Amino acid sequence: MSRQVARGVDTKKISSELFALTYGSIVAQLVNDYEEDDEINKQLDKMGYNIGIRIIEDFLARSGIGRCTDFRETADIISKVAFKMFLGITPVVTNWSSTGDEFSLLIENNPLTEFVELPDNHSQLNYSNIICGAMRGALEMVQLDVSVWFVQDQLKGDNITEIRLKFNKRLEDALPPGED
């Protein structure tokens with residue numbers, strides 16, 4: 001018997017929907033396991049951080065990008081290459097601080113929130129906080145200590161999703177956490 005090929009099916013769309021639903025299941029389980037939104041946010045950040053410290057190797061291997069010369073170049077690589085590679089979107093880099101050590105990423109359509117509405121009793125939940133942790137972890141692996149947080153979130157009624165990144169310091173070459 002021959003296998004019939006589905007015509008007109010966008011496998012990228014199916015994959016992104018499956019990813020969004022799977023991520024939603026993870027967040028739902030965290031909501032069941034933890035009572036406070038702050039604790040759920042911490043767990044999502046921690047999960048993202050662990051993903052980030054591992055995914056950076058894949059990113060560097062697939063993109064062929066070398067070391068960035070400054071934080072502005074890092075911002076461009078994050079928005080134009082990393083987000084495109086892993087989430088299929090290209091956020092806008094904007095709102096640079098006068099010192100050049102802080103910027104915002106504006107996300108018009110967050111693929112993680114495609115089928116999501118936050119319940120009223122979880123108004124402090126940063127549903128996509130895994131992204132902040134992943135960026136923090138990945139940048140730490142390339143010796144950049146950054147702070148990453150949500151400023152605005154469409155799930156909370158804002159017009160756009162805004163993630164803020166602040167460069168804290170350059171880290172000295174060291175072994176990854178947990179390795180001696």
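Select Asp70, which caps the N-terminal end of helix α3: one of its side-chain oxygens lies 3.3 Å from the backbone nitrogen of Arg72. Helices here are DSSP runs of H or I with at least four residues, and strands are runs of E with at least two, numbered from the N terminus. The model is predicted, so local features need pLDDT of at least 70 and side-chain atom pairs count only at pLDDT 80 or more, while totals for chains, interfaces and linings use all residues. Residues are numbered from 1 along each chain as its sequence is written, and side-chain values use heavy atoms, without hydrogens or water.

Next, select residues 71–87, helix α3. A kink of about 35° is centred on Ile78; the bend is the angle between axes fitted to the seven residues ending at a residue and the seven starting there. Buried residues (under 20% relative accessible area, 1.4 Å probe, protein chains only) in α3 include Phe71, Ile78 and Leu87. Just after α3, Gly88 has a positive phi of about 75°.

Move to helix α4, residues 129–141. Of its 13 residues, 10 are buried, so α4 is largely enclosed by the rest of the structure. Among them are Cys132, Met135 and Leu139. After α4 comes Gln143, with a positive phi near 65°.

Finally, select Arg164 in strand β4, residues 161–170. Arg164 counts as buried because its relative accessibility is 11%. Show the Glu102 side chain: a polar contact of 3.0 Å joins it to the side chain of Arg164. Then show Asn95, whose backbone oxygen lies 2.7 Å from a polar side-chain atom of Arg164. A polar contact is a pair of N or O atoms within 3.5 Å; within protein, one must be able to donate a hydrogen and the other to accept it, and residues adjacent in sequence count only if both atoms are side-chain atoms.

Methods:
Expected span 1.5 Å × (residues − 1). Buried < 20%, exposed > 50% of the residue type's maximum accessible area, 1.4 Å probe, protein only.
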